[in-house]
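Please consider the sequence and the model shown below. The paragraphs that follow lead through selected features of the structure, one region at a time.

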Amino acid sequence: MDTFLSYFNGFAALADPLNFAMLVGGFLVGTFFGAMPGLTSVLAIALLLPVTYQIDVVPALIMCASIFMSGMYSGSITAITINIPGAPSSMMTALDGNKLMKRGKGANALGHAALGSMIGGTLGAVLLMAFMPIAAKVSLLIQTPGKFSLILFALIVIVIVEKGNLTKAAIAMLLGLMIATIGIDELLSVPRFTFGTENLIEGIDLMPLVIGAFAISEILVQAQNWRLEKQIDLQAVNSIRITRRDFIPLWSEVREIGIWVYLKSTVIGYLIGILPGAGGSMAAFVSYIEARRSSRKPEEYGQGSREGIAAAETANNAMCGGAFVPMLMFGIPGDPTTAIVLGVLVINGLQPGARLLENQADLISPMFAALIVSALILIPLTLYLLGPLFLKMVTISRGLLYSGIAVVALVGSYVATLSVFQMSLSLVLGILAFYMRRQNYSTVAMLLGFILGPDLEQYFRRAMSLSDNNPLIFLTSPDSLFFLLLTAAFVYMIVIRKPKSLPAA
């Protein structure tokens, strides 16, 4: 009862002027970054992360939650209208949405995308709130060997769900683990891998890695592909005329899609969100394929199916709620966005785990409330009020946009760390991430390896100390054995059996 009372207080906290401003401001920022091809909600939170150093944790988490939800939804805007997904999670939406756009029903497609996002985002957040107390109790049953095996499971899953070369994903993960070892050894309090410089004694901060991997590298990628990527036809964009009334889906169309599609897609998205490293792209892909398999009109998929739009958008927004579960309970981010949100928690001295919900629910519950309000109210309201103006965003000069992002990224890196050396590391790591992306190495795997690496090492060394350096403790502890078997099962299903297709995380 106390937990659900804290949830209610979380909604009340949104009435505070600062919290409300962060909610609305974050939502608009997330919408802009999500709708702009090449930008994502991950980049938005990465750029705004320095702001969290200057404000309290509650408005910071509210801002992150609203950016996450809006960024996941708004990628459908350009996916439908100009066939360029604003976010990777909207690639499935583009298959059917742009077909409807070409038939003069683009506003209707946008309305169905918003409706699916609203339903999926709201129900995903409700599932998060409903099952979080259960997850907290389960987390208390996991001992030190089990925590090591759980993090090992997360790292392996993050590698194997990456589309492409598993070897390259593993190398990127190991690189993140190596970077995480630089600095003071937490158990022995001695410096290591500092290469004789005092600047590395404190290690590499999360901020330079986030800014470098997601902001600096993105700017370099966009500069390289300036003339190679699909160009936006500005004349075609300006010729699109959409009225507010057109955004409202017809009830007959919603009934034809069916409530079961929305519910099933929500569950799929939520469960995939819990899986470390899977992300919105996989949620949308799996939900779309399942909806097509069970549809009464599968031939319409890829030709302008509203059901396909609903399935994909419902799932990728429901993923937002699921991604918070492993991050809050075990410190294992479900996707890159929650990895950065984890950084916000750590910056403010909050440690993930069961005690977080018990002792500091007043700090976490406003974030849950922000997810629901963003999905249930702000998504449809923003589309209705600003929908006709959304397309104008893509006409902004790319040179002006990316030069502004570069300045904000570097200034933000310095403000967060107050270190010229750490700011310089942002450039170095950004160039490294750029070349990694050119060779199809996963920067997401590197980031998650960096975040999870310290805990992996800590729990391994503690478990070995408890067992007098006997590694059999990982096989004799029931919780550890469970996660090791689960790891083997995932490797068998995804790697050995080699499914025909697997979306990028």
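Leu28 is partly exposed, with a relative accessible area of 41%; in this account, buried means under 20% relative accessible area, exposed means over 50%, and partly exposed lies in between (1.4 Å probe, protein chains only). The model is a predicted one, in which local features need pLDDT of at least 70 and side-chain atom pairs count only at pLDDT 80 or more, while totals for chains, interfaces and linings use all residues. Residues are numbered from 1 along each chain as its sequence is written, and side-chain values use heavy atoms, with hydrogens and water left out.

Leu28 belongs to helix H2 (residues 17-35); helices are DSSP runs of H or I with at least four residues, strands are runs of E with at least two, and both are numbered from the N terminus. Helix H17 (residues 361-390) supplies the largest share of the nonpolar patch, namely seven residues.

A search of the whole structure finds 10 aromatic pairs. Rings of Phe, Tyr and Trp (its six-membered ring) pair if their centres lie within 6.5 Å; planes under 30 degrees apart count as stacked, over 60 as edge-to-face and the rest as tilted. Tyr7 and Phe368 form one of these pairs, which is edge-to-face, with 5.9 Å centre to centre and 65° between the planes. This pair links distant parts of the chain, since Tyr7 lies in helix H1 (residues 2-13) and Phe368 in helix H17, 361 residues apart. Tyr7 is buried at 4% relative accessibility, and Phe368 is buried at 1%.

Phe460 and Phe474 form an aromatic pair of the stacked kind, with 5.8 Å centre to centre and 5° between the planes. Because Phe460 lies in helix H20 and Phe474 in helix H21, the pair ties together parts that are 14 residues apart in sequence. Phe460 is partly exposed, with a relative accessible area of 35%, whereas Phe474 is buried, with 7%. Together with Phe148, Phe460 and Phe474 form one aromatic cluster.

The side chains of Arg461 and Glu457 meet in a salt bridge at 2.9 Å, N to O; a salt bridge is a side-chain nitrogen of Lys or Arg within 4 Å of a carboxyl oxygen of Asp or Glu. By this rule the count comes to eight salt bridges. Arg461 and Glu457 are four residues apart in helix H20, so about one helical turn separates them. Both are partly exposed, Arg461 at 25% relative accessibility and Glu457 at 23%.

Asp185 and Arg192 form another salt bridge (3.5 Å, N to O). Asp185 is buried, with a relative accessible area of 5%, and Arg192 also counts as buried, at 19%. Asp185, Arg192, Glu457 and Arg461 are linked in a network of salt bridges. Elsewhere, Arg306 and Glu253 meet in a salt bridge of 3.5 Å, N to O. Arg306 lies in helix H14 (residues 306-330) and Glu253 in helix H11 (residues 251-257), so this pair ties together parts that are 53 residues apart in sequence. Glu253 is buried at 13% relative accessibility.

The loops on either side of helix H20 deserve a look at their backbone. Most residues other than glycine have a negative phi. Asn440, however, has a positive phi near 65°, and its place is in the loop between helix H19 (420-438) and helix H20 (443-466). Asp468, likewise not a glycine, has a positive phi of about 55° and lies in the loop between H20 and helix H21 (473-476). Asn440 is exposed, with a relative accessible area of 61%, and Asp468 is exposed at 69%.

Cys64 is buried at 1% relative accessible area, and Cys320 is buried at 0%.
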